[in-house]
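Q: I'm new to this one. Can you walk me through the pockets, cavities and ring pairs?

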Amino acid sequence: MKIAVLGGGNGSFAAAGDFALSGHEVRLWRRDANQVETHRAAGSRILVKDHNGRHDVKLALVTTGIAEAVSGVELVVCPAPAFAQQDIARRLAPHLRDGQVVFLPPATFGSMIFAQAARDAGNRAKASFAETGTLPWLTRKHGPFDVAITIRAKRLPVGVFPLDRASHALEVIGRAFPDVIEPCGDALSGALMNAGCIIHPPLIVMNAGPIEHFERWDIHKEGTQAAIRRVTDALDGERIAVREALGYGAPHFPLAHHYAREGEIWMYGRGSHDRLTDSGDWRERIVLTEHRYMREDLRLGLSLLVSVAGVASVTTPLAKAFLAIGGAIYGEDFTQGGRTLESLGLGKLHRAELQTLLREGF
């Protein structure tokens, strides 16, 4: 199938390389004209490294023209960080056509941002927008055009906006991710599967000292101790309580299953945490005032969780605490603003009205 991938980070390169490796026609769009020119000069190729070796794949197109990238494709995949979504959505909005599916893995309810951008651009195409709970690859770039894929997702819970178009959207996404996609309802359900805003805030806040002391620090290895794991599970309990209060059913993909060596399989499968730490790719330099763990997962992810919890009448003391402490570290009041139902223009909707919107669209 024809797939457009938007962005130039770890996830976007993993997506483009892996889709090309699977035989799809892949177009990669980036905003950075110099990087695009350099990539084209290098043959528009990506070197994918995984447990099967090294694979040199060629992309059909590398471009700064988003209209060119998405013209005629069935699937648009945007793994860019949540804080980049507003700009990308605005650029993409005029070019979407009937039947196209925009997949955001994960998105922090970014599916709503892309759908709103299309509406605001006057585009009435019957496109679908979907999001899942994690990036489908545990991955890091090893060079400008080299990407290492440590693990591919085994289960991806996907929510769709509007829900009435879920059947078509899931079929299209399923051809890109065969035997992996699991429907989880509407887009808000998909947003409440986001693991990043649960796993990363405790790891960076409770490891802030060593992160700033050492040149490189692996938050998933030395930073994942029993005390922190207990906090992570409690924070995840708040997420699951919100899901249950809104009527979303199991499976809720509790993060505890990510660390377990037996029992229910989590999104990345069994043993994924050990493989992640064994790779060494997550022993890295984290600047707390710049990294997406702070700017995306903590600030945006937890502000969304707290906001939706208000609609669900669920208390979230840990989520609020991490917003307050994270904001103090960052030097900004994270308890104000962020990504909330209000900032998305949905703050005046009652629960039933919100559910109708999620099902039927605008």
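A: First, the terms. On a 1 Å grid over the protein atoms alone, a pocket is an open set of points with protein on both sides within 12 Å along at least five of seven lines, while a cavity is a set of points where a 1.4 Å probe fits but cannot get out; lining residues have an atom within 4 Å of a point. Grid points are joined across faces, edges and corners, and a volume is the space filled by probe spheres set on the points. This is a predicted model, where local features need pLDDT of at least 70, side-chain atom pairs count only at pLDDT 80 or more, and totals for chains, interfaces and linings use all residues. Residues are numbered from 1 along each chain as its sequence is written, and side-chain values use heavy atoms, with hydrogens and water left out.

Q: How much space lies in the largest pocket?
A: The largest pocket holds about 950 Å³ of space.

Q: How many residues line it, and which lie nearest its centre?
A: The lining of the largest pocket has 45 residues, and Asn10, Gly11, Leu135, Arg292 and Glu296 are the ones nearest the centre. Helix 1, strand 9 (137-143), helix 8 (196-205) and helix 13 (292-312) are the elements that give two or more residues to this lining. Helices (H or I, at least four residues) and strands (E, at least two) are DSSP runs, numbered from the N terminus.

Q: What is that lining like by class?
A: In the largest pocket, 20 lining residues are nonpolar, 15 polar and ten charged. Here Ala, Val, Leu, Ile, Met, Phe, Trp, Tyr, Cys and Pro count as nonpolar, Asp, Glu, Lys and Arg as charged, and the others, Gly among them, as polar.

Q: And the second largest pocket, how much space is in there?
A: About 270 Å³. It is lined by 15 residues, with Asn123, Arg124, Ala125, Arg165 and Phe362 closest to the centre. Helix 5 (residues 110-120) gives the most to the lining of the second largest pocket, three residues. By class, that lining has nine nonpolar, two polar and four charged residues.

Q: What does Ser12 touch?
A: Leaving aside residues up to four places away in sequence, Ser12 touches Val5, Leu6, Gly7, Pro79 and Ala80. Contact means heavy atoms within 4.5 Å.

Q: New topic: how many aromatic pairs does the structure hold?
A: Eight. Rings of Phe, Tyr and Trp (its six-membered ring) pair if their centres lie within 6.5 Å; planes under 30 degrees apart count as stacked, over 60 as edge-to-face and the rest as tilted. One of the pairs is Phe19 with Phe177, edge-to-face at 5.4 Å centre to centre and 70° between the planes.

Q: Why does that pair tie together parts that are apart in sequence?
A: Phe19 is in helix 1 and Phe177 in the loop between helix 6 (166-176) and strand 12 (181-186), so the pair ties together parts 158 residues apart in sequence. Phe19 is buried at 2% relative accessibility, and Phe177 is buried at 8%. Ring pairs link Phe19, Phe103, Trp137 and Phe177 into a cluster.

Q: What about Phe214 and Trp217?
A: Phe214 and Trp217 are stacked, 5.3 Å centre to centre with 10° between the planes. Phe214 is partly exposed at 41% relative accessibility, whereas Trp217 is buried at 14%. Trp217 lies in strand 13 (residues 217-218).

Q: Last topic: how many cavities of 30 Å³ or more are there?
A: Three. The largest cavity has about 70 Å³ of space, and its lining includes Thr108, Cys197 and Arg239. Helix 13 gives the largest share of that lining, three residues.

Q: And the second largest cavity, what is its volume?
A: About 50 Å³. Helix 15 (351-360) and helix 13 each supply at least two residues of its lining, and helix 15 gives the most, with four. The lining of the second largest cavity divides into eight nonpolar, one polar and one charged residue.

Conventions
Buried < 20%, exposed > 50% of the residue type's maximum accessible area, 1.4 Å probe, protein only.
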